[in-house]
Amino acid sequence: MQLYGTEINSRLMLGTAQYPSPSVLAEAFRRSDAGIATVSVRREAGAERGGAAFWNLVRDLGVTLLPNTAGCHSVREAVTTAQMARELFDTNWIKLEVIGHADTLQPDPFGLVEAARILTEDGFQVYPYTTEDVVLADRLLDAGCEVLMPWGAPIGTGLGLTNIYGLRTLRAQFPDVPMVVDAGLGLPSQAAMALEMGFDAVLLNTAVAKAGDPAAMAEAFARAVEAGRLAYHADPMEPRDMAAPSTPVIGKAFLS
Amino acid sequence: MMRARVLGAGVAGLCVAAELVGQGCNVTVFDPVPRPGPHGCSWWAGGMLAPFCESETAEAPVVRQGQEAAGWWERQGVAVTRQGTLVLTLGRDRRELDRFGRRVAGHQTLDAEGLAALEPDLDGRFDRALHIPGEAHLDPRAALAHLRTRLESAGVAFVAEQGRPEGLTFDCRGLAARDRLPDLRGVKGEMAVLRSADIRLNRPVRLLHPRFPLYVVPRADGLFMLGATQIESDDRKRSVRSVLELLSAAYALHPVFGEAELVEIGADARPAFPDNLPRLSRQGDTIHVNGLFRHGFLLAPALARMAVEAACDRTRPEFWHDD
């Protein structure tokens, strides 16, 4: 899978927040084979760079880092945080979150497009956290984004793919744009479904970090993602109403 | 008589000093500010002796070794309240309570009536709660002051200047020991203290919340300590956001906190190793006791006992770590 020209070998991306400890986090990454780790910058940065010790542990995971602007509620905040992240992590990649609604953490579509444009012009490669809205997707692509990250459900809810119709439409409208279902996944089956539908990857955090056994759950997601991708390429059958027995009935004593 | 030095007069250092005195050692405690105070992170602790609740995220050794804490503090003459812990959720987060109940041993489920019987001032606000009766709490500042006075009268010297090494050294300096223990990192916690005469709680209350978890620990004189934030950072700034979150969560627990007096806001960084478990280790004649993370008052007694045992008979107790 190519993201902004970089080959990424895993279709599972994991966040790095809320784990019981950095050691558990590292074990979850090892078992998941995740290729990308998102890392939050805002609260941990500050003038003293107080989060340096934790970031060093995340760097030691040996995966590609995707800093995010989690917790930003305005364009200005998100842009500043992205610039700080570029300096801290020496990368042009930024997962752009501009939150528009405090309770649902729903993206602010207008702020998102504006911030995406500003950051793209500034040389960033932007991964926008967006809804499944096709018009918004179009605007984000216009603003220079080459990857989209539609939500499955609001962040941290674990509700899975709540608007399957909308996600299918989005996938069908932009077949060549890499898309990562980001946020709202709670179970591996939901991740498998996203991959079966043709999404390129999934990104999750809470479902693994808050599981009773995060490392086991990370592996479960890894297998589900692999299964979903295999199934997508295997050309699934179409659902049909008529029952069709998979073994021939001729010769059986079915009239008994 | 064996001589020993203890570096650091926080909760770990004082507990180690107490165990050494118990073994008949001649002890000197070194600390640039050799009395409990805001310079040490124990000062900002909640003082909950809650091994079962901690098992929501902490590993089994924390639960096991934390069991002896309440008894240890009582034997030192510290006032320990053994009223258990109450765990609550706001209406729409009820499933957080189910998850907590699944993962945490030793609890009883309460209905509204059962809750009212334990905490009359919360009557009518929650229809379900968990009670973990086998837990306790203490006032950390009172406990530190008491232990220091007790050690002094047992002949322990408290000195600001770090003297020449003589005999064994127990390094309990917390984050300051990063010069010797590069794996240590700071995990920031923020707290607030409120005063209200309009509500009385008999035990610590934990409010589970997907975004703003909170604990409220009642102290003497109508004081309530609020805590729970945990940020991967070693800065010590008191942030508006954390205080907003703590106060909003307290207000959601009971609106009477809206009228409370805001007495204090504090922040400090707790020393932690990558697995968030404490470690005992030895470098030459120095035994390190560190990485107590959010479990200072809960685990310091067990760690102190194990550190002193390891020094005396060279055992390799739980939490022992070879570099």
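1. Charge in chain A: there are 19 positive and 30 negative side chains, and the centres of the two sets lie 4 Å apart. Lys and Arg count as positive, Asp and Glu as negative, with His and the chain ends not counted; each charge is placed at NZ of Lys, CZ of Arg, CG of Asp or CD of Glu.

2. Basis. This is a predicted model, in which local features need pLDDT of at least 70 and side-chain atom pairs pLDDT 80 or more, while totals for chains, interfaces and linings use all residues. Residues are numbered from 1 along each chain as its sequence is written, chains are lettered from A in the order in which they are written, and side-chain values use heavy atoms, without hydrogens and water.

3. Dimensions. The C-alpha trace of chain A spans about 80 × 40 × 35 Å along its principal axes. Buried residues (under 20% relative accessible area, 1.4 Å probe, protein chains only) make up 51% of the 256 residues in chain A.

4. Cores. The largest nonpolar core has 76 residues; such a core is a set of buried Ala, Val, Leu, Ile, Met, Phe, Trp, Tyr and Cys residues joined through side-chain atoms within 4.5 Å. A:Leu3, A:Met13 and A:Tyr19 are among the members that touch the most others. Helix α3 of chain A (residues 75–89), a DSSP run of H or I with at least four residues, gives the most to this core, with seven residues. Apart from it lies another core of 54 residues, including B:Met306 and B:Trp320.

5. A:Leu3. Beyond its neighbours within four places in sequence, A:Leu3 is in contact (heavy atoms within 4.5 Å) with residues including A:Ile36, A:Trp93 and A:Pro178.

Technical notes: Buried means under 20% relative accessible area, exposed over 50%, partly exposed in between (1.4 Å probe, protein chains only). Helices (H or I, at least four residues) and strands (E, at least two) are DSSP runs, numbered from the N terminus.
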